[in-house]
Amino acid sequence: MRDVAIVSFASSSTPHSDLEDVEMLAPVINEALARSGVPRRDIGFTVSGSCDYLCGRPFSFVMALDAVAAWPPISESHVEMDGAWALYEAWVRLQHGDIDAALVYAFGKSSQGDLRAVLGAQLDPYYLAPLAPDPVSFAALQARALLDAGRCTERDLAAVAVRGRRDGGLGASSEEELLRAPYIASPLRAHDCPRSTDGVAAVVLVAGDRARQVCERPAWIRGIDHRIEAHSLGVRDLTRSPSTELAARKAGVAASKVDVAEIHAPYTHQEIILREALGLDGGTVINPSGGAVASHPLMSAGLVRIGEAARRVLDGTAHRAVAHATSGPCLQQNLVCVLEGDR
Amino acid sequence: MEGKQDVAEGSEALTSPYVLEYTYRRSLGPVVGRFLTGLREGRIEGVRTASGRVLVPPTEYDPESGAAVGDFVSVGVSGVVQTWSWVSEPRKGQPLDRPFAWALIKLDGADTALLHAVDAPSADAMRSGMRVTVRWRAERVGSIHDIACFVPGDEVQAAEPVAPAEPVRRMKSPVHMDFTIGAGRTLSRFLEGVVQGKLLGRRCPTCAKVYVPPKGACPTCGVPFADEVVVSDTGTVTSFCIVNVPFEGQTMKLPYTYGSVLLDGADIPILHLISGIPADEVRMGLRVKAEWLPEGERQPTLASIRWFAPTGEADAPYESYAEHQ
Ligand SMILES: [Zn+2]
């Protein structure tokens, strides 16, 4: 395996942006490139993550290419997934050995459409989609299963929200205060659900010695893996995330102490499931960025977790960090990435 | 973190309602088709996997092993709620129009759970582990909606018979999504100019090219645009095509000409109608000018320019637009 590191990260998000995709992307991509120390012409591969249903038009990613200077022609790819999976593709591409640097970006404007309808479109069209269930209700089924199993209480869920809101800069709140709010889909309250935002993110990956040349303290990708489970909720044990457990094992999470973990848990109860699946204990700082409770830019939220984890390695506050990204209803698909600084 | 954005100041972005709507026709195949045919006949069937588990609803392959599944097995119309959530405000298309519970229900004889609605009087009447039973829809067509819902308890209500029919082989999957699409600040500013009869381009700070209509970033440099530049509404036809084929929604009389017009002061041609000249006389290098709709009739769209018509000037020399071929 070729050593590949994250050398820079930039992102922006806001609940309702009046910018279009390229206007949101260009400044953030340029910021990531400027911080990377890698000239644009040295980027050998560019890959993005986005969702046409969210944009409301087919092949929406080709419009976004205006943000990356695709002339003269560049080597480019796209995944119809969160940008975390685009980063995985970039990491694989860098393993080929013929290029040294890759740009990964992701974008999505949730405010333009009806997220319940957009996310409903990912469901099995025969048995699920015709019933028009919505993503919050799906998450609530999972939360109930976890509560029934005695693995958490509604107060534990509120505690996740209190920490996320505080760390994400949304201000102080108390569990008591949050628990007084009505259910929006019992057993979930508003604070248990992702704070939907419009957002973009960009990461620059550099391989081998070139990473050390451009970056004082590269965040080396020591392990990365993604796994998927069956789609139907009825065949899964919703209280566990076996695909995260397996990806964590393949990525080598347990090899030594994890200083920081950025977990992509759209709903508060999912953080509890994922913490267990990743095998994290009290010694790991969880979601110092605030996580999805503070800001959930659909399609870049997973890439932001990787970027935020890398940021802590890049700035020296963490030696070893774990990032996680998820996709699909009730944590169907999960990606785990282990990042380390040089000692 | 909230990012700072470097784009045109002082303009409100335009938005427009937008609906994405279409209907897929899906082939159901031997497993899903048989399951839905069973529902139409008031029967619930699963499939048995190699490991002996019974999957309800059935899938074509065992989700655990990927192996093809075996025989169909009839299962009960009653079962146990595995988990549930409460819907206080039902949405269009959901099984019930009054508050209800979503539940994953493991039917008697099945090893996996089916998602459906439970018609319970309130959330207080719901708990995991409770027993529920199918209520069939009277008019059944071979859809998951043939199960109207489940109700608490074990009281089985026979399905009303439906007329015999061919097995269910296809289904329609309608998609309907409402959007409010934003034009972004750069394009909004341009479109506001169009209403005033002005064409506002933007200059790239790196390559100095002027784009009209401007985009969010220079596509060759990847940087946000800088200065706004008023571009002339006269220009040169760099290329064109003659439309002879009628199509739905066409408003122009055939034949008509669609051309690339390099506006004076711009570096990228725009596409628009060429008129005021017989189609067979349109040529590369033809000098043209925008014919605007009267003030007051202009909307924030390029249709506020009716078309481009010849100015009567001598044709532009080829070298002046060769770069755009
Ligand atoms: Zn330029």
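Author: A residue counts as buried when its relative accessible area is under 20%, and in this predicted model A:Cys51 has a relative accessibility of 15%, so A:Cys51 counts as buried.

Reader: ok, and how many disulfides are there over all chains?

Author: The count comes to 0 disulfides over all chains. As for A:Cys51, the nearest cysteine sulfur belongs to A:Cys55 and lies 7.0 Å away, and A:Cys51 is in no disulfide.

Reader: Switching to the metal, which residues coordinate the zinc ion?

Author: The zinc ion is coordinated through the SG atoms of B:Cys204, B:Cys207, B:Cys218 and B:Cys221, at 2.3 Å. Along the sequence, these donor residues follow the spacing C-x2-C-x10-C-x2-C.

Reader: and what geometry does the site of the zinc ion have?

Author: The site is tetrahedral, with angles of 106 to 112 degrees among the 4 donor atoms of the zinc ion. For reference, the ideal angle for four tetrahedral donors at a metal is 109.5 degrees.

Reader: B:Cys218, buried or exposed?

Author: B:Cys218 is buried, since its relative accessible area is 0%, and B:Cys221, at 14% relative accessibility, counts as buried too.

Reader: Now cavities, how many of 30 Å³ or more?

Author: There are 2 cavities of 30 Å³ or more, and the largest cavity has a volume of about 40 Å³.

Reader: which elements give two or more residues to the lining of the largest cavity?

Author: In chain A, these are helix H7 (154-167), helix H11 (268-277) and helix H12 (291-294). The residues that line the largest cavity include A:Val160, A:Arg163, A:Thr268, A:Glu271 and A:Ala292, and by class the lining has 5 nonpolar, 5 polar and 2 charged residues.

Notes: Residues numbered from 1 in each chain as written. Chains lettered and ligands numbered in written order. Predicted model: local features only at pLDDT ≥ 70, side-chain atom pairs only at ≥ 80, totals over all residues. Heavy atoms only, no water. Donors = N, O, S within 2.8 Å, 3.2 Å for Na, K, Ca; no water. Tetrahedral: all angles 85-135°; square planar, octahedral: opposite > 155°, others 65-115°. Buried < 20%, exposed > 50% of the residue type's maximum accessible area, 1.4 Å probe, protein only. Disulfide = S-S within 2.5 Å. 1 Å grid on protein atoms, 1.4 Å probe; cavity = no way out; pocket = protein on both sides within 12 Å on 5 of 7 lines; lining within 4 Å. Points joined across faces, edges and corners; volume = space filled by probe spheres on them. Helix = DSSP H or I, 4+ residues; strand = E, 2+ residues; numbered from the N terminus. Nonpolar A, V, L, I, M, F, W, Y, C, P; charged D, E, K, R; others polar.
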